[in-house]
Amino acid sequence: MNKSFILNKSGHTMSEEESRFCPYCGIELQHPYWEHVQKKHPDKYSAKETWIKLYEDYRKLGMDEDISLTVISELFNATTEEIKSFLKSKNAF
Ligand SMILES: [Zn+2]
């Protein structure tokens, strides 16, 4: 996975102000981020199992737990609590 999707154009790691990129096709996302995933990657959007892979990828890239959960919540229009409890149920958190 290319690291660029969590970086902005100046190469800094993301914050609330910075760009987000689709983890599947790499395009820069507009608010609300989940709308793109829902429209363009409906198979990913509808399968909670994709959260596990994304979470593992983000953690491997050095993102902390809270940021990883926040990014996933924005991509899938879910709450961080929902994601955390799902990951816990799969022993992935
Ligand atoms: Zn995409």
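Biologist: What pLDDT does the protein chain average, and what percentage of the residues score at least 70?

Modeller: This is a predicted model, and pLDDT is the predictor's confidence in each residue. The protein chain averages a pLDDT of 86, and 81% of its residues score at least 70. Over residues 8-12, however, the pLDDT is below 50. Beyond near neighbours in sequence, that stretch has five contacts in the model.

Biologist: How many helices and how many strands does the protein chain have?

Modeller: The protein chain has five helices and zero strands. Read from the N terminus, its elements follow the order α-α-α-α-α. Of the 93 residues in the protein chain, 17% are buried. Among contacts with a separation of 6 or more, 37% join residues 24 or more positions apart.

Biologist: How is the packing of two helices described, and at what angle do α1 and α4 pack?

Modeller: One reads the angle between the axes, the distance between them, and the residues that make the contact. Helix α1, residues 33-40, packs against helix α4, residues 65-76, at an angle of about 55°, with the axes 5 Å apart. That angle makes α1 oblique to α4. On the α1 side the contact is made by Y33, W34 and V37, and on the α4 side by E74, L75 and F76. By class, this contact of α1 with α4 has five nonpolar residues, one charged residue and no polar residues.

Biologist: Why are α4 and α5 described as roughly perpendicular to each other?

Modeller: The axes of α4 and α5 cross at roughly 110° and come within 9 Å. Angles of 65 to 115 degrees count as roughly perpendicular, and α4 and α5 are therefore placed in that class. The crossing in which α4 passes α5 is right-handed. L69, T70, I72 and S73 of α4 make the contact with T80, I83 and K84 of α5. By class, the contact of α4 with α5 has three nonpolar, three polar and one charged residues.

Biologist: Where is Y45 placed, and with which residues is Y45 in contact beyond its neighbours within four places in sequence?

Modeller: Y45 is in helix α2, residues 42-45. Leaving those neighbours aside, Y45 is in contact with V37, Q38 and F76. Y45 and L75 are 30 residues apart in sequence, and their C-alpha atoms are 8.3 Å apart in space. With 19 C-beta neighbours inside 10 Å, Y45 counts as partly exposed.

Biologist: Where is R20 found, and is R20 exposed or partly exposed?

Modeller: R20 is in the segment before α1, and it is partly exposed, with 18 other C-beta atoms within 10 Å. R20 and Y33 are 13 residues apart along the chain, and their C-alpha atoms are separated by 7.9 Å.

Biologist: What phi values do N77 and N91 have?

Modeller: N77 has a positive phi of about 50° although it is not a glycine. N77 is found in the loop between α4 and α5 and counts as partly exposed, with 13 C-beta neighbours inside 10 Å. N91, again not a glycine, has a positive phi of about 55°. N91 is found in the segment after α5 and is exposed, with 7 other C-beta atoms within 10 Å.

Technical notes: Residues are numbered from 1 along each chain as its sequence is written. This is a predicted model: local features need pLDDT of at least 70, side-chain atom pairs count only at pLDDT 80 or more; totals for chains, interfaces and linings use all residues. Axes are lines fitted to C-alpha atoms, for helices over the stretch in contact, and angles run from 0 to 180 degrees between N-to-C directions. Helices (H or I, at least four residues) and strands (E, at least two) are DSSP runs, numbered from the N terminus. Angles under 35 degrees count as roughly parallel, over 145 as roughly antiparallel, 65 to 115 as roughly perpendicular and the rest as oblique. Two residues are in contact if their C-beta atoms, placed from the backbone, lie within 7 Å. Ala, Val, Leu, Ile, Met, Phe, Trp, Tyr, Cys and Pro count as nonpolar, Asp, Glu, Lys and Arg as charged, and the others, Gly among them, as polar. A residue is buried if 20 or more other C-beta atoms lie within 10 Å of its own, exposed if 12 or fewer, and partly exposed in between; C-beta atoms are placed from the backbone. A crossing is left-handed if the near helix is turned anticlockwise from the far one by less than a right angle, and right-handed if clockwise. pLDDT is the predictor's confidence in each residue, from 0 to 100.
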